[in-house]
Amino acid sequence: MEIGPYAPLNTFVDLLLDAICVVDRQGHFVFVSAACERIFGYTQQEIIGMRMIDLVAPDDRERTLAAANDIIAGHPRLNFENRYVRKDGHLVDIMWSARWLEADQVRIAIAHDITERKQSESAQAALFAISEAAHAAVDLFALFGQIHQIIGKLLSANNFSVALYDRKSELLSFPYHANEDHDSAAVPQAESRAFCAEVIRSRLPLLRNATVPDAASANPARVDNGAAQCWLGVPLDAQHGTIGALILCSDRGGMPYTEKHKALLHFISTQVAAAIERKQLQTRLQYMSQYDALTDLPNRGLLYDRLDVALARSQREQTRLALLYIDLDKFKQVNDTFGHAAGDLLLKEVASRLKECVRGADTVARMSGDEFVVLLENVQATEHAAMVAEKIRNAISQPILISGRSLRILPSIGVARYPENGESGQQLLTCADEAMYQEKRASEQAGAAHGDAAQPS
């Protein structure tokens, strides 16, 4: 069929892979070659008379109009890139070469589809960005947020979940989930959890369009208002197995995902898995460097850091703080009599009781062996530290059941207060340590009924 005054061009241009478009001064298509249907999805008959700018992606319209005006002014443009919206709603990347024909008062352009090239470039850029994020993110949650942003530049990701799978416990968790309202604290839908479990179980990328149910599912996912949604999920495969999955769900009323989207997400998922494992390792190493492996309490190094911060805050805000230095009397007898395993259980129970005696903002740290330190911030009254020390003494002295035996152990506690007993962390620690040993010597000299403190009660 011949279309418009430029119909004779069809004999030649129909064989071209690139599209030829002719647009008048008002911006309407007056001729398109047959290749336009392959690129834009519209037939030649449909596109003739349409405004060129109406097909351009909204974010690219302003600069596209500026380029068109420049061409009309007599300045040809080569290799101008923008994005068009296909008839099916998907975006296509186009590289244009165009010039103005003054005699015919039209703009003639050749359109080259560069969508695959742009997607390849975007995927490579995403791989690099994910690798950089693994190094820059302060923690796992921040990493998940950056991964969400990176994937969101490649395809629609308003409904996005990161699921992690613990192979030992066989537990599935969702440490990051964002819905259409951009709420990363939202709870995943039941459909999302079930779909995620299927992705991890199969270890395959899955695409499920609710309007065309997957053969493996008789109940396609639907949102509350009954509108169909499309689910896309890929496993996060690491060196030692699947550690989780990435799950996306199309927006309500939005375009469904395609096989190309599935391939793209699967392509970058290996880098995502590597980034997550790297950050998990960094987190574990950092935790090991700051926390005691037996009791999970802050260790000596982390205590010093928190003490320095607390002192700076107290000096700035003119508040008080206190340190409690705690040692378990005759703890060595527990190890010698009942074994080191019993001693370890005793230390863990003491650590738990110490944490129950203080506020959430306070710090309980294990210095070494059977020595602990409690940092009390924002102490309102002088007697507050002594009250906490007595509370700790009563808590620890209660019988502790270890391997079927009831043990009773007593603590010696030294107290140092800021600013009365020192202005530096080391001064306060030394003062509290000396006070603790004075109490321990006084107890030993008194001889008394505490001699069998670590024996079965």
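## Largest cavity

The largest cavity is lined by 16 residues, and those nearest its centre are Ile71, Tyr84, Trp96, Ala98 and Arg107. A cavity here is a set of points on a 1 Å grid over the protein atoms alone where a 1.4 Å probe fits but cannot get out, and lining residues have an atom within 4 Å of a point. The model is predicted: local features need pLDDT of at least 70, side-chain atom pairs count only at pLDDT 80 or more, and totals for linings use all residues. Residues are numbered from 1 along each chain, and side-chain values use heavy atoms, without hydrogens and water.

This cavity holds about 200 Å³ of space. Its lining divides into 12 nonpolar, 2 polar and 2 charged residues; Ala, Val, Leu, Ile, Met, Phe, Trp, Tyr, Cys and Pro count as nonpolar, Asp, Glu, Lys and Arg as charged, and the others as polar.

## Second largest cavity

The second largest cavity has a volume of about 40 Å³, the space filled by probe spheres set on the grid points, which are joined across faces, edges and corners. Among its lining residues are Arg320, Thr382, Arg417 and Tyr418.

## Aromatic pairs

There are 7 aromatic pairs, with ring centres of Phe, Tyr or Trp (its six-membered ring) within 6.5 Å; planes under 30 degrees apart are stacked, over 60 edge-to-face and the rest tilted. Phe40 and Tyr84 form a tilted pair, 5.2 Å centre to centre with 55° between the planes. Both Phe40 and Tyr84 are buried (under 20% relative accessible area, 1.4 Å probe, protein chains only).

Phe160 and Tyr176 pair edge-to-face, at 6.1 Å and 70°. Together with Phe141 and Phe144, Phe160 and Tyr176 form one aromatic cluster.

Technical notes. Buried means under 20% relative accessible area, exposed over 50%, partly exposed in between (1.4 Å probe, protein chains only). On a 1 Å grid over the protein atoms alone, a cavity is a set of points where a 1.4 Å probe fits but cannot get out, and a pocket is an open set with protein on both sides within 12 Å along at least five of seven lines; lining residues have an atom within 4 Å of a point.
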